[in-house]
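Student: I have a structure to go through and some questions about it. Can we take them one at a time?

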Amino acid sequence: MRSVLLIAVLAVAPLACGGEAGAGGPGGPGGPGGAKGRRGGPEAEALAVAVTTLAPVTIERHYRGAGTLRALRAADLVALQPGVVLELKAEEGDSVAAGQLLARLDGRAYQLQAARDRLSAQNAAKELGRLEQLSGMLSREELDKQRYAAESALASAQVSRHQASQTTVSAPFSGTITRRHIDVGNLATTSKSLYTIADLSALDLELYVPEREASAVQAGAPAQIELQDGSTFEAKVERRAPIVDPLTGTVKFVVRARNFPAGAVPGAFARASLRVAVREAAPSVPRSAIVEVEGKPHVYVVEDGRARRRPVELGLVGEERAEIRGGVAEGAQIVVDAGTGIAEGMPVRPVAEGAAGAKGMPEGAGAKEQAAKDMPEAAGAKGQAARDMPAGAADQPAAEAKAEAATKGQAAGPAPGGS
C-alpha cells in the first residue's frame, strides 16, 4: 500500500511545479518576459505624408445652374385675314429666308372688294373733276363735299387692296420651321397659328445667379454648357437683368452660344457652369489641405518632424485650390491631405507631393499602418507566454485526471487476498 501512495505523490509533484513555472515563470504572462514587461515599447514611428508649398496659380470660381435651351428668336405665324388654306409651301425642318412665301389663303372675297372700292374711287375722282369745271356755277360747299367723297373712296380702295394682299403668309426672318400647325383646307384665323419659326443661328440659356455672386459676373464672362449626352460647348454672358428678383434673391443672366453640337436644340435640358470670379497668380494650396477647426480654416505644416496646426486667411476658393492670404510663411511644408488622421503634434515624415507612396496612398492608410505599429504588444505577449510554457503544463489536465484515478483506487484498498 505504501508503494502505491508513493507512486501517486511522485506523479502529482512535477505537475504542480510545472504549473507554477508556467504561471509565474520567466516565460509566463506574469513574469518579466510577459505582456506587462513589454508595454513600454519604442516611440511611434513617423507617418509619411505628402506635402506641398504655396504655389501661384490661376483660381476660378464657378456657379452651376440648369435650364432649357431656347432659340435666339422664335415666332408663331398667324393669318392677318381669315381664310381657307389653299397651299402650304414649307414643312417642319425646312430652312426659310426672310420674306419667303409659306402659305396662301383663299382671298377672292378681298380681291373683289378691292376691285369694287377701286372703281368707286375712280368714279368719285371723275365727278370731282367735272364739278371743278363748273366751279363758277356751284357753291364752295358742294365742291368740298365732292372732294371729301373722292378722298374717302380712294382711302377705302387702298384698305381693300391691303386686305387682299394679306391672304398670304411669309417668313418674318430667316430661320427654320420647327412646327406646322394647320393643313390645307382648314380655316385660318387670326388666333390660330399656322407655323412656328425659330432662328437657330444662336442658342440662349437663362441662369438665375444668387445676388451675392451676381455682382462679380460681367458681360462676356465665359460659360460652359453640358447636354444630357455629355457633350459640352462654350458660351458667353450676353446680358443681365437690371433688377434682383425679390422673391428668389437672384439675378437673371442670359448666356449665348453660337457654336454648338447637333444635339443642342431649343427645349433641350442643359447644365451650365458660369465663371463668377477669377484670380491670376494667387498663392494657393489644394482644398484638401484646408481643415476647419471651430469654424475657422487651418492647415497643417511640418515643423521639426511634427504636424503643427496653423490658422490661415482664405481668399478666393475655387474648384480644386484655395487662395491663402496669410497665416503660412512662403516655403512652408503644408500637408496636402489634412483629413487622413493628422493631429496636432503628431510625428510625420514629409514626402514630396506626387511621389511614390504619398500620392497613391489610400486615404487613411498611413494612419492605419501607424496604429498597427503602435498597438500594445499584449497579443505578442500572450503568444510568447504560450511558447515559453513548459511542455508538462500543457498536459496538466490529463495528468491530474490520472493521479485522481490512482488515488481513488488506493483509497478503495487492495483486493481480497492481496499483500
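Student: In which strand does Thr52 lie?

Tutor: Keep in mind that this is a predicted model. Strand E1 covers residues 47-52. The residue Thr52 therefore falls within that range, and its strand is E1.

Student: Is Thr52 buried or exposed?

Tutor: A residue counts as buried when its relative accessible area is under 20%. The relative accessibility of Thr52 is 12%, so Thr52 counts as buried.

Student: Which residues is Thr52 in contact with, leaving aside its neighbours within four places in sequence?

Tutor: Contact requires heavy atoms within 4.5 Å. With the neighbours within four places set aside, the partners of Thr52 are Pro286, Ala332, Gln333, Ile334, Val336 and Glu353.

Student: What share of the contacts in the chain with a separation of 6 or more comes from residues 24 or more positions apart?

Tutor: The chain has 419 residues, of which 33% count as buried. It has 8 helices and 21 strands. Among contacts with a separation of 6 or more, the share from residues 24 or more positions apart is 74%.

Student: How far apart are the end C-alpha atoms of helix H2?

Tutor: Helix H2 runs over residues 108-133, which is 26 residues. At 1.5 Å a residue, H2 should span 38 Å. The distance between its end C-alpha atoms agrees with this, at 38 Å.

Student: Which residues of H2 are buried?

Tutor: An α-helix has 3.6 residues a turn, so residues three or four places apart point the same way. What covers the buried residues of H2 includes helix H3, residues 140-165. The buried residues in H2 are Tyr110, Ala114, Asp117, Ala121, Ala124, Leu128 and Leu131.

Student: Which residues of H3 are buried?

Tutor: H3 has 26 residues and reaches 38 Å from its first C-alpha to its last, close to the 38 Å expected. Its buried residues pack against H2. They are Leu143, Gln146, Ala150, Ala153, Ala157, Ser160 and Ala164.

Student: Are H2 and H3 roughly parallel or roughly antiparallel to each other?

Tutor: The axes of H2 and H3 come within 8 Å and cross at roughly 160°. Angles over 145 degrees count as roughly antiparallel. The two helices are therefore roughly antiparallel.

Student: How many nonpolar residues does the contact of H2 with H3 have?

Tutor: H2 passes H3 in a left-handed crossing. By class, their contact has 7 polar and 6 charged residues, and the number of nonpolar residues is 14.

Methods:
Residues numbered from 1 in each chain as written. Predicted model: local features only at pLDDT ≥ 70, side-chain atom pairs only at ≥ 80, totals over all residues. Heavy atoms only, no water. Helix = DSSP H or I, 4+ residues; strand = E, 2+ residues; numbered from the N terminus. Expected span 1.5 Å × (residues − 1). Buried < 20%, exposed > 50% of the residue type's maximum accessible area, 1.4 Å probe, protein only. Axes fitted to C-alpha atoms, helices over the stretch in contact; angles between N-to-C directions. Parallel < 35°, antiparallel > 145°, perpendicular 65-115°, else oblique. Left-handed = near helix turned anticlockwise from the far one by under 90°. Nonpolar A, V, L, I, M, F, W, Y, C, P; charged D, E, K, R; others polar.
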